[in-house]
Each structure stands twice: as structure tokens, then as C-alpha cells.
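Could you look through this one with me? My notes are below, in the order I would read them.

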Amino acid sequence: MVNFLVRRVLQALGVILAISLITFFILNIVPGDPVQIMLGDLATPETVAQVRAQMGLDKPVWLQYLNWAGNMLRGDFGSSYFQHRPVMELLLVSFGYTIRLASFSYLLAVTIGLAFGILAAVFHNKWVDKVLMVLAVGGISAPNFWVAIILQIVFGLTLKWFPISGAKDFSYYVLPAIALGTRYAASIARITRNSMLEVSKQDYMRTAEAKGLRDWLIVMRHAFRNALIPVITVAGTDLGNILTGSMLIESVFQISGIGKLMVDAIGQRDLPLVQGGVMYIAFICVVIYLIVDILYAVVDPRIRLGGGTRSE
Amino acid sequence: MSKSKKINSQSYYRVSLAILKKNRLAMFCLGIVIALVLIAVFAPWLTPYDPNLNDVRNRFKGPSWEHPFGTDEYGRDILTRIFYGCRISLSVGIVSQLLASLLGYFIGVFAGYYGGRVDSVLSFLIQVFSSFPFLLFAIAVMFILGPGLMNLYIALGLLGWTSTARLIRGEVMRLKNSEYIQACIVGGGSGWRIIMKHLLPNCVPTLIITITMGIPRAILSEASLSFLGLGVSPPTASWGAMISHAQPYIRKFAYYSLFPGFAIIICVLAFNILGDGLRDALDPKLRS
């Protein structure tokens, strides 16, 4: 287990290093000089050169990367070109909104997904199963920003049950959380159902039935626990996707989370903010995947003994 | 006698096709996909309107006989724009997935066939690309390349290969130990020949499934990117961009945002169900 942990953590560090390299070099070939954009067309070439030197943009790319990476390790992501505040500060302030939205919708996705998945498996091939699975395929096929707009029209504008923009209190998160969570609830429901059905063919399920255990005990203790392994993988990957998916939802509902911060930064070509934001989200995702792999190894002894990981 | 011979001669693909044909829902979705392709190809003949021609006097006309889905903020016929948007969605889905499968196949096959250090490096590459949320990466790439159809193909194609590579790698690692591949290696067949002539045909079912499953994902990504203004440039009609343009008008003209959304759902749903059906038909393990 220790061996597995060490190898997996080293791998995660390598991935973070690679992602930082990709992010930095990709975003460094962005067309359009950020200094020119920041200062406007009226700036003289001398001023532009001076500001470039001030910001270290005149140095070779690899030196810029080392500087950036060194600062990043100290938690310094540089300053936003336009908001003139440290990127880290902006990210931390907006992260509060994103984490609230993401956790609400994740909670929703996991609860609904597991419940629907188990129900569908228990009533396999009955109408409950069919209705739920049609809903689930519909759920993974609908673009979340469109679901968001439909929710705004129906529950915000027509029924006036919930506010449709801003993030003042809990009621503001209801519609965004549903819009963001639907897709993942659907994918978790599908994988839970399939995994439960897979498990139900096993011999120990027949044994449990033959012992005369109560139905719900068989479903929860024997089927569900063993069916959890693929569910954990999907649920973990989905957490990462929810963080990115929130970009669109935050724009639709005008919630000033990381997503909206990033979308605005992209529009303004605010390089340090885009870089910092991408790194920040990528870092969180790598950590989440690491936790998923460790959980995976805890649940399934074959992995920690055999040395495989989620990806194999 | 002749009957038993007929059964023996049934090929893998013929059996798969027979299984698929029995799946009525999947066949229905195949019909929808074909219909969408026809709409995309024959869009100019299906409608009397120009998708990009402004007609200011006809702004925001509700659904009527002349304009079944109404008109938008420039007086353009929404149904016409949905027909033309179908071209963007389908072409982005298909082209980017072909590109992604090509990349995914070669990366997966090299990793699986050569193993050792090649596998370590390529597996690490797969790991890196899949630890990055797909959409975030696509946004970063489109941010650099700028809007445009070609750039969408490239961005979604270059980023969508990881799941294919992972599946092919697993498949090839299993196939490598089979007798006929071992025989080829012993017989002195070159690596390239084995990869192209013996491994590729065996990976085709996996590729068919990953392409069909990848297309709806690419279509949704295109819609998301266009919604953010990072897809095709205006005035080209794209379903995602139409929803984004409809957004300011949801109070008065809710129908404007409804139709492009339905178009996306129908298209993505059809591909998803068809993909499920193909997987059930092509995967021998799922055949009962």
C-alpha cells in the first residue's frame, strides 16, 4: 500500500509539472501582445518596452517559465493585467462561489444518481427502469447551459420560485446546481445501474438470496457495496468536470465564481489570470483523481496488491 | 447440410448487424442520424431562406406557416439556421472524432505493442491529458487558435484521443499474447506490418464504438465553445451560438432559445443511443 501511495503521489507531481509546462508554453504563443492590449493603442513604443521589462516579458521564454513556476510554488500567480490585484487573491475570492455551486450540484448528482441507478437495477426491465434510463440518456444529451436557460425561463421568469442571477443566499444556488448536476446525475445513474446488474449475476448474490436475507439487505450490503468500484471512478472524474462545467453555468446565472472570472479573463486576454486559473483548476483535478485512486485501492484490494491504477 | 453451412459462414460483422437490427430503438436513432446527415447536406434545398441574410422588418416573428420556428433578432428564419447549424455540429463531431481516433489508435497501439519504456512515456502522456478537464483544455486551445471551423476540428481532435488510446492499449496488450500475433513475430513480421495488417482489423470494433460515442461529446463541446463565443465566428449558424444569442431575449422570446436546444438534444441523443446499440452488438462479451 505504501509503495502504491508513493508511486501514485510521484505520478501526480509529474502530471502537475507537465500541465504547468503545457499551460505556460501554450498560453505564451497567444496572438496579440498583452502589454499593447493593456496599455491601449495610444501608448508609445518606449512605454510598451518599459512595461514589458517591468513585467519580465522581455526575457527568454524558458526563464519566464522558471520565474513563473518558482513564484507559483510560493503561491504567487502574478497580478491580473486589468484588475491590478494578485491572481491568487482573485482566485480565492471567486473560488468560494464555485465551491459552493460545485458542492451543491455534486451532492445532488450523487444522491439522485445513486438512487435512480439502484432503483433502475432493482426494477430491471420493468417500466421504472425504462423511464429512468430514458431520463438518464436525455440528461447526458442536454447541454447544461441550455438546461440552465430553460430552468431560468420556467422556474425563474414564469413561476417566479427562484432568482435567476447573482449569488446572495442559498435560493440563488438552487437552479444553477440543478442545471450543473443533471448531466452527472444521469451518468452516475447509468453506471450504477450497469454495475449493479453486473454484480447481481455473481454467485454470492444467489447465496445471499438462498440464505433468505431480506431484499433490501441483499441490495444494499451485497450488491451495492460491490457495485461501488466503477461508480467511484465516474463520480471522481465528474467532480473535475463539474468544476469546469461551472464556467458556463456561472456565466448564465451571473455568479462571480472562478468560471466567470476565467471567461471574462479570456475575453480580455488577461494572461496571468487565465494561466493561474487553468493551473488552479488543473491542480484541484489532479488532487481529486489522486484521492479517487487511493479510495479505489482501499475499496478494491486487487489494485493495491496488483499495482494497477484507475487508468489500467 | 446447407443450413449448417450457412450458420458457419456468418461473419462477425454480419452477426453484429443482425443484433443491431433487432434493437429497434437503436435502428430508430440510426434513422435520425441519417436524416440529420441529409438535412446537413441538402440544407440549401430544404428552405427558401438565406441563413445569414438580415431582414430587419421581420425581427422576432413568432412561429407561423412561413417561419415554423419564428425569426431571430436580425429577422433570420430560425428553422433555416438550425438546418445550417446541423452542418457545423455534424462536421465538427465527425471530423474531430476521426482525427482523435487516428491519434488514439497509434498512441494506444504503440504503447500496447512495444510496451516497456515506450509504454511508460505514452501512458504518462495519456495520464497528463486526461487529468486536464477536457472543456478547460479546449477553451485554452480555442483561445489561442481563435474562432473558426478548422480550429474546432483541430482543438477537439487533438484533445479527444485519450479514451481511445487507453482502450486500444488494453486491447493490444491482450491481443499481443494471442497465438497468431506471436506467430507473426516469430515469423519475422515487422512491427509496422503487424500493427497495420493484424492489429488494426481487430481494433476496428473498438474504434467504431469510440467514434460513435465520441461524436456526441464533440458536438456538445462545440456547442459549449460556441456558447462562450469560442466556436465558429458569426454570422455562421451554430446551435450553441444561437442559444447564446437568444439568452438576452429569454423574457420575451423564449421560443428562440428552445429550438436550437432541442436540435442539440435530438442529435446527441440519437448518437448516444446508437453508440450504446453498437456497443451491445459489437462487443462479444455483451452478446447473450
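1. First, the ground rules. This is a predicted model, in which local features need pLDDT of at least 70 and side-chain atom pairs count only at pLDDT 80 or more, while totals for chains, interfaces and linings use all residues. Residues are numbered from 1 along each chain as its sequence is written, and chains are lettered from A and ligands numbered from 1 in the order in which they are written.

2. How far can chain A be trusted? On pLDDT (the predictor's confidence in each residue, from 0 to 100), chain A has a mean of 80, with 90% of its residues at 70 or more. Over residues 307–312 of chain A, pLDDT stays under 50, and the model has 11 contacts beyond four places in sequence for them. Where pLDDT is low, the predicted coordinates should not be read in detail.

3. Chain A has 13 helices and 0 strands (DSSP runs numbered from the N terminus: H or I of at least four residues for helices, E of at least two for strands). Of its 312 residues, 38% are buried, where buried means 20 or more other C-beta atoms within 10 Å of the residue's own, exposed 12 or fewer, and partly exposed in between, with C-beta atoms placed from the backbone. Among its contacts between residues at least 6 apart in sequence, 72% join residues at least 24 apart; a contact needs C-beta atoms, placed from the backbone, within 7 Å.

4. Now for where the chains meet. Chain A puts 36 residues into the contact and chain B 33. On the chain B side, the elements giving two or more residues are helix 6 (116–130), helix 7 (134–145), helix 11 (191–227) and helix 13 (254–282) of chain B. Helix 13 of chain B gives the most, 9 residues. That side divides into 24 nonpolar, 7 polar and 2 charged residues (nonpolar: Ala, Val, Leu, Ile, Met, Phe, Trp, Tyr, Cys and Pro; charged: Asp, Glu, Lys and Arg; polar: the others, Gly among them).

5. Helix 13 of chain B also packs inside its own chain. Its axis and that of helix 3 of chain B (residues 24–41) come within 8 Å and cross at roughly 135° (axes are lines fitted to C-alpha atoms, for helices over the stretch in contact, with angles from 0 to 180 degrees between N-to-C directions). Helix 3 of chain B and helix 13 of chain B are therefore oblique to each other (angles under 35 degrees count as roughly parallel, over 145 as roughly antiparallel, 65 to 115 as roughly perpendicular and the rest as oblique). The residues of this contact are 13 nonpolar, 1 polar and no charged.

6. Helix 5 of chain B (residues 78–114) is another partner: its axis and that of helix 13 of chain B come within 11 Å and cross at roughly 35°. Here I78(B), I82(B), G85(B) and S89(B) meet Y256(B), F259(B), P260(B), A263(B) and C267(B). The contact has 7 nonpolar residues, 2 polar and no charged.

7. Finally, D119(B) sits in helix 6 of chain B. Is it buried or partly exposed? D119(B) counts as partly exposed because it has 16 C-beta neighbours inside 10 Å. Beyond four places in sequence, D119(B) is in contact with A111(B) and Y114(B).

Terms used. Contact = placed C-beta atoms within 7 Å.
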